[in-house]
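Visitor: I am new to this structure and would like to know what stands behind the words used for it. Please show it to me.

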Amino acid sequence: MFIRVTHLRAKRIRKDKLFKYFCVPFLVLFCVCACFCVVSYRILIMTMRMTNHKSLLVLLLILASWITFTVFRNSTELWTAFKLPISLPHWNFFMKSCPEAPLNPVVSPRKTELRIKKIMEKLDQLIPNRPFTHVTSTTSAKQSRATILNPQDTYCRGDQLDVLLEVKDHLGRRKQYGGDFLRARMSSPALKAGASGKVTDFNNGTYLVSFTLFWAGKVSLSLLLIHPSEGVSALWRARKQGYDRVIFTGQFANGTSQVNSDCALFLNSSTELCEYLDTRDQEAFYCVKPQHVPCAALTHMRSKNKNVSYLSKQERSLFERSNVGVEIMEKFDAITVSNCNTEKTAPVPKKCKFGMTSTVPSGHVWKDTWNPVSCSLAPIEMKECLKGKFVYLLGDSTIRQWMEYFKSSINTLKSVDLHETGKFQHQFGVDLDKNIKIQWQKHGYPLVGSLNFSVKEIEYLARVIDRIGGEKNTIIVISLGQHFRPFPIDVFIQRALNVHDAVQRLLLRSPDTMVIIKAENIREMHNDAERFSDFHGYIQYLAIKDIFQDLNVGIIDAWDITIAYGTNDVHPPQSVVKNQINIMLNFIC
């Protein structure tokens, strides 16, 4: 864990270095030169008849001073003592160097606070406050009206089909504002095909839902009201209010027995606390200190949902199972799409690579295979692509699925026993013939799980990335989000910013390193909306895209991919994982 070291301690160490490398050598050298001058003076006055002995002595002393100055001006050790930060462990205080742009810039806590505030302001503008007096005044999927614009008996593949949605409340009254959380999807189950639709909110109770008709056949259209705008507003307000929807129990080693204690991202307690603090990135986790047990004895952690809600009784009714994910286009028949204008050949898009423009939708599934809009994916032989590469999979269990897929797909990839136990144990696999190394490592607190997991080696991903040397055969895939949904959004934003800054430092020292951000998957729709609603995931999805837009990293839009597949499962089937991994393989090979 990280510890705090005071500013005064760092100053004292720096003074010690200056005394060691400057004062002592300077005095020694000056004394040597002075002695040399005195001896020379004696010899000269014995061998030569000089009338002005004092002038000669002054000249020799000036010569000694000049020699001393010249030596120290060219001394690399002196300037090293001035310019380099103190070589202490990463949890210690680092002194600032000369005002040149540092290779590893560190963002001040104040600047991080301003960055968090700016992102929060953007999100607040997207989610206006929508109080309501009765459930009947909230958006109703049954009463709302969807109309296909310019309907046709048969559509052509590649066309855009638009649907106008007018939302109404449960009494049939037209809504005058937007903000509803909607999910549009088109699908052809027989073809194993699917894609998301683009929803445009006019903020007056009307929406335009656009579907790109990617394939020919019978196509079903779906428009789900996940949450009404009033429910979205309530979730957003509630999320900002507390850290205790999920509570943690820490296990401390006490000789041959264990002691349990309450832990959290924030503890409002008058008792003595253990603070596990990253002083640079200002991220902390706390436990109530057990009596007669040191804080460093923390070994395991588990969590459970606390019986607490920041929603009113009326607001909670909006998240009952029957009110979540209600179909608006239930009475619509499937449309027919044909291969019209077959003589026109669409240009083949370029191969997928970093920095390509994001689109909505970002692609479609056809025959269970993901096809991006703005680029093309080729089938890649996995072992040959990964030959000689070190792949770091960093984050939650949705990226751990990748590790499990690699192990099942590469029969020569052997697991290495790292002597850990528990749900979140590190995993490492190696193929000696192809020199392939793949590692999965969990992110730092918070980690939500009812089973005990080890925290003996837990660390924040920014620190993990800082230790990676990086080069052209180093691949890093990062996935954050699911475990942050039950906590205030600023916790997630700060973590994402710290990871962003670590990636930025990595790319400064090793520009050839390939870094990929995997967005969140959608998850079960009827699973405790206040803690885990996809609304929380969608907000984090918007934030992560905004935070990483200035870096040369690859983005795997798992949010749009899992909507297209219609999985509604935080851990989607292997076919979905396979297609996510194929995007990575196309990025790097």
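Guide: One term before we start: a crossing of two helices is left-handed if the near helix is turned anticlockwise from the far one by less than a right angle, and right-handed if clockwise. Helix α10 passes α12 in a right-handed crossing. Helices are DSSP runs of H or I with at least four residues, strands are runs of E with at least two, and both are numbered from the N terminus. The model is a predicted one, where local features need pLDDT of at least 70, side-chain atom pairs count only at pLDDT 80 or more, and totals for chains, interfaces and linings use all residues. Residues are numbered from 1 along each chain as its sequence is written, and side-chain values use heavy atoms, with hydrogens and water left out.

Visitor: How many helices and strands does the protein have?

Guide: The protein has 14 helices and 25 strands.

Visitor: Why is α10 called roughly parallel to α12?

Guide: Axes are lines fitted to C-alpha atoms, for helices over the stretch in contact, and the angle between N-to-C directions runs from 0 to 180 degrees. The axes of α10 (residues 489-509) and α12 (residues 534-547) come within 10 Å and cross at roughly 25 degrees. Angles under 35 degrees count as roughly parallel, over 145 as roughly antiparallel, 65 to 115 as roughly perpendicular and the rest as oblique. Therefore α10 is roughly parallel to α12.

Visitor: Which residues of α10 and α12 meet?

Guide: Contact means heavy atoms within 4.5 Å. I489, F492, I493, A496, L497 and H500 of α10 meet I539, Q540, A543, I544 and I547 of α12. By class, this contact of α10 with α12 has 9 nonpolar, 2 polar and no charged residues. Ala, Val, Leu, Ile, Met, Phe, Trp, Tyr, Cys and Pro count as nonpolar, Asp, Glu, Lys and Arg as charged, and the others, Gly among them, as polar.

Visitor: What makes α5 and α12 roughly perpendicular?

Guide: Helix α5 (residues 229-239) packs with α12 at an angle of about 70 degrees, the axes being 10 Å apart. That angle falls in the perpendicular class, so α5 and α12 are roughly perpendicular to each other. On the α5 side, V232, L235, W236 and R239 take part, and on the α12 side F535, H536, I539 and Q540. The contact of α5 with α12 has 5 nonpolar, 2 polar and 1 charged residues.

Visitor: Why is α8 called roughly perpendicular to α14?

Guide: Helix α8 (residues 397-409) and helix α14 (residues 574-588) pack at an angle of about 90 degrees, with axes 10 Å apart. This angle makes α8 roughly perpendicular to α14. Q401, W402, Y405, F406 and S408 of α8 make the contact with Q574, V577, K578, Q580, I581 and M584 of α14. By class, the contact of α8 with α14 has 6 nonpolar, 4 polar and 1 charged residues.

Visitor: How do you know that D169 is buried?

Guide: Buried means under 20% relative accessible area, exposed over 50%, and partly exposed in between, with a 1.4 Å probe and protein chains only. D169 has a relative accessible area of 4%, so D169 is buried. D169 lies in strand β3 (residues 160-169). Leaving aside neighbours within four places in sequence, D169 is in contact with T136, S137, T138, T139, S140, Q143 and K175. D169 and S137 are 32 residues apart in sequence, and 5.2 Å apart in space, C-alpha to C-alpha.

Visitor: Why does N150 count as exposed?

Guide: The relative accessibility of N150 is 65%, so N150 counts as exposed. N150 lies in the loop between β1 (139-148) and β2 (155-156) and has a positive phi of about 50 degrees although it is not a glycine.

Visitor: What makes K192 exposed?

Guide: K192 has 53% relative accessibility, so K192 counts as exposed. K192 is found in the loop between β4 (181-188) and β5 (193-196).

Visitor: What makes helix α13 mostly covered?

Guide: In α13 (residues 558-565), 8 of its 8 residues are buried. Among them are W559, D560 and Y565. Just after α13, G566 takes a positive phi of about 65 degrees.

Visitor: How much of the protein is buried?

Guide: Buried residues make up 47% of the 589 residues.
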